[in-house]
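Have the sequence and the 3D view open as you read.

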Amino acid sequence: MSLKQKDKEILEKVIEEEISKIPGLLKDMHLPNFKDTLQIKDESEYAYGYVHGAIVGKFETVYFLAHSGKRPSADEIAKTIFGRTSKIRDAILKTG
């Protein structure tokens with residue numbers, strides 16, 4: 001099932017929110033024992049995966065609640081997120 005325009009707009013907002021949190025995430029990674037506890041070898045790759053997971057998790061929850069328990073199309077979410085990959089990576093590199 002394809003995402004409706006309103007759902008796409010919500011997904012875009014979720015993406016922007018998570019991108020705005022990247023500086024805080026990278027700052028938290030420098031807290032004592034953070035990297036060791038989570039066994040992070042590459043901060044930027046960890047941040048990239050974390051942001052993707054946060055986007056998918058948050059959007060799926062919003063969609064599920066708004067559409068009475070239906071799940072969104074994983075393909076549509078992936079296509080939208082991957083369309084913004086360069087912006088996510090740029091935010092990570094700019095902050096890190």
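## Ground rules

When helix axes come up below, they are lines fitted to C-alpha atoms over the stretch in contact, and angles between N-to-C directions run from 0 to 180 degrees. Helices (H or I, at least four residues) and strands (E, at least two) are DSSP runs, numbered from the N terminus.

This is a predicted model, in which local features need pLDDT of at least 70 and side-chain atom pairs count only at pLDDT 80 or more, while totals for chains, interfaces and linings use all residues. Residues are numbered from 1 along each chain as its sequence is written, and side-chain values use heavy atoms, with hydrogens and water left out.

## The overall picture

The protein has 6 helices and 0 strands, so to speak an α-α-α-α-α-α run from the N terminus on. Its C-alpha trace spans about 45 × 25 × 20 Å along the principal axes.

Of the 96 residues, 33% are buried (buried means under 20% relative accessible area, exposed over 50%, partly exposed in between, with a 1.4 Å probe and protein chains only). Contacts here mean heavy atoms within 4.5 Å. Among contacts between residues at least 6 apart in sequence, 70% join residues at least 24 apart.

## How α1 meets α5

Two packed helices are described by the angle between their axes and the distance between the axes. For α1 (residues 5-20) and α5 (residues 74-83), the axes come within 11 Å and cross at roughly 50 degrees. That makes α1 oblique to α5 (angles under 35 degrees count as roughly parallel, over 145 as roughly antiparallel, 65 to 115 as roughly perpendicular and the rest as oblique). The crossing of α1 with α5 is right-handed, a term for the near helix being turned clockwise from the far one by less than a right angle, with anticlockwise giving left-handed.

On the α1 side, the residues involved are Lys 8, Leu 11, Glu 12 and Ile 15, and they meet Glu 76, Ile 77, Thr 80 and Ile 81 of α5. Sorted by class, that contact has 4 nonpolar, 1 polar and 3 charged residues (Ala, Val, Leu, Ile, Met, Phe, Trp, Tyr, Cys and Pro count as nonpolar, Asp, Glu, Lys and Arg as charged, and the others, Gly among them, as polar).

## How α4 meets α5

Helix α5 also packs with α4, at an angle of about 140 degrees and with the axes 11 Å apart. These two are therefore oblique to each other, and their crossing is right-handed. From α4 come Tyr 48, His 52, Ile 55, Val 56, Phe 59 and Glu 60, and from α5 come Ile 77, Ile 81 and Phe 82. By class, the contact of α4 with α5 has 7 nonpolar, 1 polar and 1 charged residues.

## A buried glutamate

Is Glu 18 buried or exposed? Glu 18, in helix α1, counts as buried at 5% relative accessibility. Its side chain makes a polar contact with the side chain of Lys 58 (3.0 Å); such a contact is a pair of N or O atoms within 3.5 Å, where within protein one must be able to donate a hydrogen and the other to accept it, and residues adjacent in sequence count only if both atoms are side-chain atoms. Leaving aside neighbours within four places in sequence, Glu 18 is in contact with Val 51, Ala 54, Ile 55 and Lys 58.

## Two loop residues with positive phi

Most residues other than glycine have a negative phi. Asn 33, in the loop between α2 (22-28) and α3 (34-38), has a positive phi of about 70 degrees and counts as exposed at 52% relative accessibility. Ser 68, in the loop between α4 (43-66) and α5, has a phi near 50 degrees and counts as exposed at 71%.
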